[in-house]
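These notebook entries record what I looked up in one structure. I went from a single residue to its surroundings.

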Amino acid sequence: MTAEPPPTCCWHDSPTSPPGNLVTAEHDYRVLQPHTVVDANGNATHLRHDELGMLVATAIAGKPGDATGDSLDADGPDGVGTATSRLAYDLFAFRRTRDDPQPQPAAVHRYARRSTPRGWHRARPSG
């Protein structure tokens, strides 16, 4: 059974910024999150979400018809192909470490692939 999108939604598929930049999004109604976003320059970014709607992988695909971008095709061992980045959630870290002298908070680990698909590298924290 496939869920059909409602005729009116609670989000905009194509918002325009004040300078006139148009961003389009295609949504996955199963998790109520976007699965493809195309920026004002025509570059597509594909997003993959888990069953809870949490982001697990991104792939910057570039312009349509350009085969140089990344992909979320499930050809890798973790099912995210040559994704640009992937995220791993440790939501129960506090529960697991609550009896330790310094319990750990819930965390998100972001792994970013460098310009070659040789392997994953833990992304440096921003800021």
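Predicted model: local features only at pLDDT ≥ 70, side-chain atom pairs only at ≥ 80, totals over all residues.

**Entry on L91.** I first located L91, which sits in the loop linking strand 5 (85-90) and helix 1 (93-97). Is L91 buried, partly exposed or exposed? I found a relative accessibility of 42% for L91; because buried requires under 20% and exposed over 50%, L91 is classed as partly exposed.

I then looked up the contacts of L91. With neighbours within four places in sequence set aside, I noted M54 and A106 as its contacts. I also checked P105, which is 14 residues from L91 along the chain; their C-alpha atoms are 8.2 Å apart.

**Entry on D90.** I assigned D90 to strand 5. Which residues does D90 touch, not counting those up to four places away in sequence? I listed R96, A106, A107 and H109. For R96, I also recorded a polar contact between its side chain and that of D90, at 2.8 Å.

**Entry on strand 5.** I next examined the pairing of this strand. Strand 4 (residues 55-62) pairs with strand 5 in the antiparallel sense, over two bridges. With strand 6 (residues 107-113), strand 5 also runs antiparallel, and I recorded six bridges there.

**Entry on R86.** I finally followed R86 to its partners. R86, in strand 5, is the bridge partner of A57, and R86 also stands opposite Y111 in strand 6.

Technical notes
Residues numbered from 1 in each chain as written. Heavy atoms only, no water. Helix = DSSP H or I, 4+ residues; strand = E, 2+ residues; numbered from the N terminus. Buried < 20%, exposed > 50% of the residue type's maximum accessible area, 1.4 Å probe, protein only. Contact = heavy atoms within 4.5 Å. Pairing = 2+ DSSP bridges. Polar contact = N/O pair within 3.5 Å; in protein donor to acceptor, adjacent residues only side chain to side chain.
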